[in-house]
Amino acid sequence: MKLPPNVSQEDFTAALAQFAKVVGQEWVFTSDEDLELYRDSYSVNWGETDERTASAALAPDTAEQVVELVKIANRYRIAIYPISTGKNLGYGGAAPALAGSVVLDLKRMNRIVEIDERNGYVVVEPGVSYFDLYQHIQDKGLKLWIDCPSPGWGSVLGNALDGGVGVTLAPYRSHFDAQCGIEVVLPNGRMMRTGMGAMPGAKTWQQFKPGFGPRIDGLFKQSNYGVVTKMGFWLMPPPENIATGIVTVPNYRDIIALVDTIGRLEQSKIVQGLWTLSSPTLGTRGDAAHEAGPPKPADPAIFAILSDPAGVDMAKLESAASASGTPFWSAEFNLYGPKRLIEAQWDCICEALGKIPGARCKLNPVRPLPLPAEELAGLFDTGPLGIPSLRTFSLGPMVSYDGEDVVGHVFFSPVIPRTGEAAIEAMEVFAAITRKYRLPGPPLQFPSAIFERAFLFAVGLPVTRSATVNAKIRGIIRELVEISTARGWGEYRTAPAFFDLIMGTYSYNDHALRDFLETIKDAVDPNGIMSPGRYAIRSGHSRGGSGHPAGTTDQIQKASMQ
């Protein structure tokens, strides 16, 4: 049996017995077979000494049980690591940030505590998935709509706490921004409610975010200051209709005017649904939510240019595209609401984007929602319709890399400015890395407009069961981080293997941010039991040495990559 860090066998055995009194022996997991479920199946350290594996797992059923478990962990100074459903594949899965931690598995806490159609909110426990919430709304016949990511099997609460996003309307698709009110068990075992929930009997806990005094909800996002046991979310009324509109522009550098104009439309709230960028010239499209199947093939002359191992010559590509009448960029918009509103929004979009020479606009038919069941069954991704699914997995996995079978991916996720110039720079920089290491993927990977005022690149790198290949992938990620940091592009989220690497890049004024976060950590968790090392936040007794690289970004990067 693996032991938690700095805990004796005698103390661990005693603690397990006390844990069992709280949750029942059947909900204490210590066997190797059970603990396999708490490995990160996409770990870039699989089978290595640095792999983050659990010593045990506990599955409480209520917030009151969580309180007692946290108190026991404090008594024995046992590191615990709460998870909601552990489905954040590519960002760590169910594995703890510190090897030997006891995973606090909250999947059994799967109650929809309250749902209010009139005021448009829901209160959920950590184990409630997007599937659960969607089905509950359908079963009750409520006039409510959810925003969900792809895939939809993850926790509503957990996704928000890790900074997850969805694919429908702003601001709902930024899931933590749609949050209102938190119940959290602090590291000392004390339960707290934020916002209006701090007033006993409050009637507006899920209706007024600020509450009284400082708003502290954000301290529990991507942190380790407590176990969130309930969270409120704002929901939206189901839109009456949906339509997709497509605008194409002919030239490579038209992306600059395209992005600038769409940005102004978003800032004016004319564009509220998610829009996607694709390239007919590169043989990709942005309508995957509405049409299944692989991308349409490019013109043969275009394909020859795209296949050049030295890289894509954009001038030649643009010339070939022009000769074939193929537009270079396509922006697809999801529009929601009354038919008159959709048509008015589209008129505004076309009027603005039509000023780009050669731009063409097309609005597909306005469709009443919900779509017929037989039509939904044929769609690749139903997320833009507020319906969770697992169809994203049907894209097909990366098969092999460097002669090894690919078992999953790890994400590199930088945020870049919402400008066409930045998009061009990032696409070309990341394409060079793809060619250098012969990574699987298209010649250019496009930015996502999922955030309202910045672009996101979510680059999935292959993970294998080969220590040699995984070490290479870790090195590639380090190189990507160094290149991005030099350009002022920071990652918004990462897997535990890279927590220190990424936190090291947020180093303004000699790591003032990290120091502030750890000052809070020392105050609320002096024993350092709550998810130690999560997002590179540690308490005082575990800082220093190899456990907490200090000083320059280079030192942090080297330590985190060893």
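Predicted model: local features only at pLDDT ≥ 70, side-chain atom pairs only at ≥ 80, totals over all residues.
A residue counts as buried when its relative accessible area is under 20%. Helix 6 is mostly covered, with 10 of its 14 residues buried.

**Helix 6**

- The buried residues of helix 6 are Asp254, Ile255, Ile256, Leu258, Val259, Thr261, Ile262, Gly263, Leu265 and Glu266.
- The cover over these buried residues includes strand 10 (241-249), strand 11 (275-278) and strand 12 (329-336), together with helix 9 (339-353), helix 11 (420-437) and strand 19 (454-456).
- Helix 6 comprises residues 254-267, and its 14 residues should span 20 Å at 1.5 Å a residue; the end C-alpha atoms are 20 Å apart, which agrees with that expectation.
- Lys269 follows helix 6 and has a positive phi, near 65°.

**Aromatic pairs**

- The count of aromatic pairs comes to 15.
- Phe328 and Trp329 form a tilted aromatic pair, with 5.2 Å centre to centre and 55° between the planes.
- Phe328 counts as buried because its relative accessibility is 0%, and Trp329 also counts as buried, at 0% relative accessibility.
- Tyr252, Phe328, Trp329 and Phe446 are linked into a cluster by ring pairs.

**Charges over the ring of Trp46**

- The charged end of Arg39 sits over the ring of Trp46, at 3.5 Å from the ring centre.
- The charged end of Arg465 likewise sits over the ring of Trp46, at 3.6 Å from the ring centre.

Definitions and conventions. Residues numbered from 1 in each chain as written. Heavy atoms only, no water. Phe/Tyr/Trp six-rings, centres within 6.5 Å; stacked < 30°, edge-to-face > 60°. Buried < 20%, exposed > 50% of the residue type's maximum accessible area, 1.4 Å probe, protein only. Lys NZ or Arg CZ within 6 Å of the ring centre and 35° of its normal. Helix = DSSP H or I, 4+ residues; strand = E, 2+ residues; numbered from the N terminus. Expected span 1.5 Å × (residues − 1). Contact = heavy atoms within 4.5 Å.
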